Structures are given as structure tokens and as C-alpha cells.
Amino acid sequence: MPFNSVQFLVFFPVVCVCYALLTANTRSNRPAQCFLLAASLYFYACWKAAYLFLILASVIITYLSGLGMEKFPTRKKLVLVGSLLLNLSILFFFKYYNWLANTASLPLLDIALPVGISFYTFQAVGYSIDVYRGTLKAERDFINYALFVTFFPQLVAGPIERAKNLLPQFRARASLDYKRITDGLKLMAWGLFLKIVIADRMAVYVNSVYRYIDDSYGTALLLATFCFAIQVYADFAGYSDMAIGAAQVLGFNLMRNFDHPYFSTSIPDFWRRWHISLSGWLRDYIYIPLGGNRVSRFRQQLNLMATFLISGIWHGASWHFVAWGMLHGVYMAASRLTSPARKKIRMALGLDGENGTRAFWKPVQVLTTFALVCAGWVFFRASGFGQAVKVFKKFLSIPSELAMAEQALYTASDPNPFLSILMMNRKVTGVGLDFMLVNLFLCIVLFISSLLTRQRDGRELISSLPAVIRWFLYWVLVAGTLIFRSLLETEFLYFQF
């Protein structure tokens with residue numbers, strides 16, 4: 001039941017009304033908890049009911065392991081290892097078996113990837129590790145714990161929540177709050193706009209070019225890679241905003257998952273802003289246990305590479321995802337190793353002042369970081385490692401394509417040579433200049449909105465505007481979403497993980 005479906009448009013209001021009635025008219029919080037758990041399980045079953053047993057297995061295993069670690073403290077490591085093995089074995093079988101079987105020429109199985117399995121497995125595993133470390137007491141209320149793992153707004157694509165944040169909220173009794181509800185609805189509307197109007201629109205051009213890599217020009221692939229950077233951000237940030245907004249309407253606060261990542265001035269800064277819940281999870285449960293920064297510099301780089309290798313594998317059972325993760329591992333290691341030297345160079349050139357990097361140099365850092373991230377997106381978007389290599393080879397042909405454009409300037413047969421170079425693949429893809437101009441306009445809208453909300457919440461900014469302007473923006477948001485939804489519709493990208 002995707003957030004951008006008519007089914008969810010019916011499901012969510014019904015859940016909100018019933019949940020509000022139960023919390024307002026019953027003395028105990030239990031009926032509301034049970035209803036929300038049932039609604040969450042139904043939400044997941046709408047994809048494939050047979051896979052309910054997988055998420056319930058994860059719930060039962062980690063719930064019992066938490067109790068077991070507290071009851072048998074001398075054997076809690078054994079209990080933790082057992083819990084991890086069971087959970088990760090389920091994840092491995094459904095997500096990675098066919099990939100490894102294909103690599104090792106073993107029999108393939110006809111199994112579909114359960115939606116959201118990587119997200120809820122990491123969330124449940126994080127709970128077990130927290131109980132083992134003693135930073136969290138085991139949850140004894142099974143309904144409360146099951147709700148923590150299955151809570152439908154963030155069930156299939158995050159944010160990957162921490163038990164210490166969400167479990168206490170489920171124990172508390174929710175109350176109706178007008179501002180909280182309206183703020184949540186605004187965030188959901190903005191997330192839906194990001195997904196339907198921007199991400200799905202970008203996807204048309206990206207898919208048309210990447211589907212025909214052999215026939216596409218390097219300039220077209222470069223533009224498609226840029227569009228994919230916008231698509232993947234608008235798609236996943238849009239889902240996260242809808243998840244956070246839906247939870248807020250119901251009375252729960254989820255963690256922020258994106259913080260203007262394309263304004264990052266370095267790769268480490270990018271990973272502090274992109275998919276924050278996963279980055280934090282990998283830091284706390286992979287990087288730090290490996291030794292983090294408390295070991296030698298060489299070991300630190302190995303720890304970084306191992307962490308990003310796991311990040312790549314988590315994203316997908318394919319070598320191009322492994323390459324994407326390893327590339328970012330190399331970026332991170334290189335950034336740390338060269339940081340002192342780069343700082344000395346900036347100081348020598350006057351690019352750094354007493355208060356940090358000078359304002360005029362920051363755009364250069366942002367553009368450089370964005371270019372490095374886009375290079376990684378090639379591996380992420382390509383259908384395989386070999387296809388990604390082909391894209392980079394096509395990039396090498398861009399200078400010759402531009403030379404052709406320069407020669408065309410002196411002929412009357414091609415009055416707009418540079419534009420025609422960018423659209424040479426129109427016969428293959430069917431995407432014309434008018435479509436790309438709309439995409440450009442949407443990119444400008446996204447850039448301006450991101451710029452305005454860097455230091456201030458967008459909802460507060462809109463609320464401060466005169467009523468006429470505010471309601472005009474609401475109308476544009478809703479009307480644009482409805483119009484584009486009738487033309488385009490794709491699945492959320494991160495559902496495949």
C-alpha cells in the first residue's frame with residue numbers, strides 16, 4: 001500500500017479517526033495500541049500477506065532475546081548471537097541467496113524480496129544490541145514491542161528508528177492537537193509533491209536514457225545522472241517526509257532522515273545529512289564496534305571501508321551496489337587522510353579565515369561534493385556493474401560531442417547545436433526539449449525551497465506568510481500533485497531494499 005496510492009488515501013484517514021476515538025473514549029491505552037498494531041499488520045499484508053510471518057518472526061525472536069539477555073546475564077552474548085544469526089539468516093536468504101547462488105553457479109530459487117525487510121531487520125537488530133549493551137531495558141509488553149517493529153508509517157522504508165525513541169511514545173497516551181495534526185498533514189503533502197511531481201517526472205527521462213545506454217550519447221547520460229540525483233533525493237526524502245508526517249498526525253515523532261544533503265561541503269558532511277537513520281545505525285552498530293576512531297589510522301580506514309561495504313550490500317544484492325558502497329568508502333577515507341593537507345592549502349591561498357571557510361569558497365566545495373556523489377549515483381542507478389562502466393566510458397565521449405556542436409555552429413542546418421547535442425537521443429527515448437524544460441523548472445523550485453528551509457522549518461516559513469499567499473501555495477501544491485499523478489506514477493525507489 002504505497003503512500004501515493006488511492007488505497008492509502010482511504011486507509012490513513014480511517015486509521016486516524018478510529019485511533020483518535022479509541023484514545024479519547026477508553027481509559028486504557030491498550031485498545032488503541034492493539035488497533036494500531038492490527039492496522040500496521042494489515043498495511044504490510046497489502047503487499048503480500050504470506051510474508052507477514054517473516055516480520056512476526058523477527059518480532060518474536062528479538063522480543064524473546066531481549067527478555068533472555070536480562071534473565072540470563074551470564075549468557076547474554078550467546079542469546080544476542082543467536083538472535084542476530086536468526087534475523088540476519090532470514091534477511092540473507094530472501095535478499096542475497098539468489099545473488100550468491102548465481103555467482104557460485106548454485107540452483108536459483110523462485111523467491112520474491114519481502115518489501116522493507118532490510119529496514120525492519122536493522123531496526124529489530126538494533127534493539128537487541130541496545131539491550132545487550134545495557135543502554136536499554138528489555139521491553140516486556142509484547143504489543144508495545146510489536147508496534148515498535150511494525151509501525152506502518154516507517155515500516156517499509158524507514159526512518160530506521162531507535163527503540164529508546166519510539167517505545168516510550170507507544171506507552172504514552174496520545175492526545176489530539178490541532179497544530180500537530182496540521183503540521184503532519186503539511187509535511188505529508190510536501191512529501192507527496194516531492195515524490196509525484198519531482199521524482200516521478202525525473203524518472204521518465206532517467207529511465208529512458210539508462211534503458212538504452214548503448215544508444216545514448218554521453219551528454220544525455222550526464223544529464224540523466226544529474227536528474228537521477230534529483231530523483232533519488234525527491235523520492236526517498238519524499239517518502240521520509242510522508243512517514244514522519246503520518247506519524248506526527250497520529251501523535252508520534254520520528255527522527256529526521258534528510259538535512260539538505262546536496263548542500264554538503266564534503267563527503268563526510270553528505271553522510272551526516274543523507275539517510276541519517278541508516279548512517280547513524282551503521283556508525284553505532286558497525287563502525288564503532290569495529291574500533292571506530294580509537295584505533296590506528298590504518299585500522300580507521302579499514303573500518304570505514306568495511307562499514308561502507310556493508311552499506312552497499314544493504315542497498316542491494318548486486319555488484320554495482322557493492323561498488324557504490326566501496327566508492328563512498330574510498331571517498332571517506334581519502335577525505336580524512338587529506339583533510340590536514342587540504343586545510344593547509346586553503347589557509348595558504350586565503351580560502352580559510354578565522355571563522356572557517358570563506359563564503360565564496362563554499363559553493364565550490366558544494367559543487368565538488370555533488371559531482372562526486374553523482375559519480376556514485378551512476379553505480380547506484382545502472383542495472384549492473386558492467387552497465388555502470390559503459391556509462392563512464394560514454395562520459396569520455398562528451399568532449400568530442402561538444403566539438404561536433406562547435407562545428408555545427410558554422411552551419412545553417414543546426415541553429416541550436418548545443419541543445420540538439422543534449423537531445424540527440426530523442427529518437428530513442430521519445431523525450432523532447434519541452435519535457436526537459438519542465439524538469440529544469442522543477443529543479444529550480446526544489447533548489448529555491450531547499451535554500452529557504454536550510455535554517456528554518458518550511459511549515460513555520462509558510463505559516464508566517466499572509467493568508468492569501470499561504471493558501472495559494474497550498475492550492476498549487478495540491479493541484480500540481482493531482483495533475484502529475486494522473487500522468488505519472490512509479491514505485492518508491494527504496495521499496496526494493
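Predicted model: local features only at pLDDT ≥ 70, side-chain atom pairs only at ≥ 80, totals over all residues.
## Helix 2

Helix 2 runs over residues 30–45, a stretch of 16 residues. From its first C-alpha to its last, helix 2 reaches 22 Å, close to the 22 Å expected at 1.5 Å a residue.

The buried residues of helix 2 are Ala32, Gln33, Leu36, Leu37, Ala39, Ser40, Leu41, Phe43 and Tyr44. These buried residues pack against six listed partners: helix 1 (6–25), helix 3 (52–71), helix 5 (117–133), helix 6 (142–150), helix 7 (163–171) and helix 9 (218–250).

## The largest nonpolar core

The largest nonpolar core holds 134 residues, and the members that touch the most others are Phe151, Leu250, Tyr262, Trp274, Trp377 and Tyr494. Helix 9 provides the largest share of this core, with 20 residues.

Leucine 250 is one of those core members. Leaving aside neighbours within four places in sequence, leucine 250 is in contact with Phe12, Val15, Cys16, Tyr19, Leu36, Phe151, Phe152, Ala174 and Arg180.

Five helices are listed as supplying at least two lining residues each: helix 10 (267–273), helix 11 (276–287), helix 12 (297–315), helix 13 (319–349) and helix 14 (362–381). Helix 13 gives the most, with 12 residues. By class, the lining of this pocket has 18 nonpolar, 14 polar and nine charged residues.

## Isoleucine 276

Isoleucine 276 is found in helix 11, one of the helices that contribute to the lining of the second largest pocket. Not counting residues up to four places away in sequence, isoleucine 276 touches Met255, Arg256, Asn257, Phe258 and Asp259. Isoleucine 160 lies 116 residues away from isoleucine 276 along the chain, yet their C-alpha atoms are separated by 8.9 Å.

## Asparagine 439

Asparagine 439 is found in helix 19, which spans residues 433–452. Asparagine 439 has a relative accessible area of 1%, and because buried means under 20%, this residue counts as buried.

With residues up to four places away in sequence not counted, asparagine 439 touches Arg201, Met202, Tyr205 and Cys227.

Definitions and conventions: Residues numbered from 1 in each chain as written. Heavy atoms only, no water. Helix = DSSP H or I, 4+ residues; strand = E, 2+ residues; numbered from the N terminus. Expected span 1.5 Å × (residues − 1). Buried < 20%, exposed > 50% of the residue type's maximum accessible area, 1.4 Å probe, protein only. Contact = heavy atoms within 4.5 Å. Nonpolar A, V, L, I, M, F, W, Y, C, P; charged D, E, K, R; others polar. Core = buried A, V, L, I, M, F, W, Y, C linked by side-chain atoms within 4.5 Å.
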